[in-house]
Amino acid sequence: MLPNPFISADEQAELQLFTESLERFCDAEIEPHYRTWEKAGRVPRELLRKMGENGYLCADVPDTCGGPGASVPFSFAVVEVLSRRGYGGFVGGLQVHNDIIPPYLLHCGTEAQRAHWLPRMASGEAIAAIGMTEPGAGSDLKAIRTTARRVSDSDGDHYVINGSKIFISNGQNCDLLVLAAKTDPAAGAKGVSLFLVDAATPGFTRGQNLEKIGQHAGDTSELFFNDMRVPADALLGGVEGQGFVQMMRELPRERLIIGVQAVHGAKGALDVTLKYVQERQAFGQNLAQFQNTRFTLAQCATDIAAAEAFLNACVHAYQRGELTPEAASALKLHTSELMGRVADQCLQLFGGYGYMAEYPVSRFWTDARVLRIYGGTSEIMKELVARGMLGR
């Protein structure tokens, strides 16, 4: 594959050392246990603490806010390595913690909110989740029904929150939930606000860990809020009605990091397939000698290379503050669909063994399916791209 033209030689050398360190960490701390965690439906909290100790969490959070103070590519490199190794279930929740929640705090939070949460997230002491989706509201965020009513009493100013969320990554493990709620139900999108909710707050209840067809190592939950009282200073940014604007501002990075996961997950699926077809024998020769195998692999590699070029350009645009919502949507659409195709084609080359859970290609295949759903479905991505083209 071609080198990334948007990264200097010095930064590339530093990234190489960083990824090599992370690979060794994975060999020692993740690989021996991952199948067990898949069966358990979650990774242990201790893993996040160990990652924090090694500088793998919230890598681009400034050191003035308690983070490692590295650049964006270092944070993305964590997702690259874990995705390529086939840890898609863990990546699904980790990118929420590393790449989705910190920008909300950095760009929208108050100084006190950043000081309270970001150092704890970077160390792994606090695990973060985001609560947008509800049983009747997915991509249509204006349709959420969770409410937050402001009250003043002898305990001071509070919000009383009632409602529920579904499909929440890190729902079982989270300490911090960035929660979308209606502070003015009559105001539509202008009535949505975001809250920084401590999961230890009375009235916060976790449902069961939901069973999924893929990403088994990631905990995914329903969350319930019954007269949950949060202090007024839990309102993200301190101003009501900014939630929809804040979410729209930060969604491009969410879709960008899904693109990172998809491209490098596709690379991982191709890696294990290349090894397999050179070892597996059929009709007196290994599978790599058949033209169908060679053509399939060549097409996968070519498609990945083209997607990676698009990804690199989008990452560079994000670093310059120029990544548009339309470009992020197009990237998410293209790369998530790509990973689905590559994982499927690679599994086919394994034959019956590809359908067995003990072969890692099966994990790439099942984990890939949700990438076309979370962060906005492929259909929503097409609509957003079309709006950018047509002006409406």
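This is a predicted model: local features need pLDDT of at least 70, side-chain atom pairs count only at pLDDT 80 or more; totals for chains, interfaces and linings use all residues.
**Entry 1: strands**

I started with strand E7, residues 220-231. I found that E7 runs antiparallel to strand E3 (residues 156-169), and 9 bridges join the two.

Then I looked up strand E6, residues 204-209. E6 also pairs with E7 in the antiparallel sense, over 4 bridges. Here I noted that asparagine 209 has serine 221 of E7 as its bridge partner.

**Entry 2: aromatic rings**

How many aromatic pairs does the structure hold? I got 10. One of them is phenylalanine 25 with tyrosine 56, at 5.3 Å centre to centre. Their planes are 70 degrees apart, so I logged the pair as edge-to-face, because over 60 degrees counts as that. This pair links distant parts of the chain: phenylalanine 25 is in helix H1 (residues 9-29), while tyrosine 56 is in the loop between helices H3 and H4, 31 residues apart. Buried or exposed, these two? Both phenylalanine 25 and tyrosine 56 are buried.

Next I checked tyrosine 34 and tyrosine 87. Their ring centres are 4.7 Å apart and their planes are at 35 degrees, so this pair is tilted. Tyrosine 34 belongs to helix H2 (residues 34-40), and tyrosine 87 sits in the loop between H4 and H5, 53 residues apart. I wrote down that both of these tyrosines are buried.

Key. Residues are numbered from 1 along each chain as its sequence is written. Side-chain values use heavy atoms; hydrogens and water are left out. Two strands pair if DSSP finds at least two bridges between them. Rings of Phe, Tyr and Trp (its six-membered ring) pair if their centres lie within 6.5 Å; planes under 30 degrees apart count as stacked, over 60 as edge-to-face and the rest as tilted. Buried means under 20% relative accessible area, exposed over 50%, partly exposed in between (1.4 Å probe, protein chains only).
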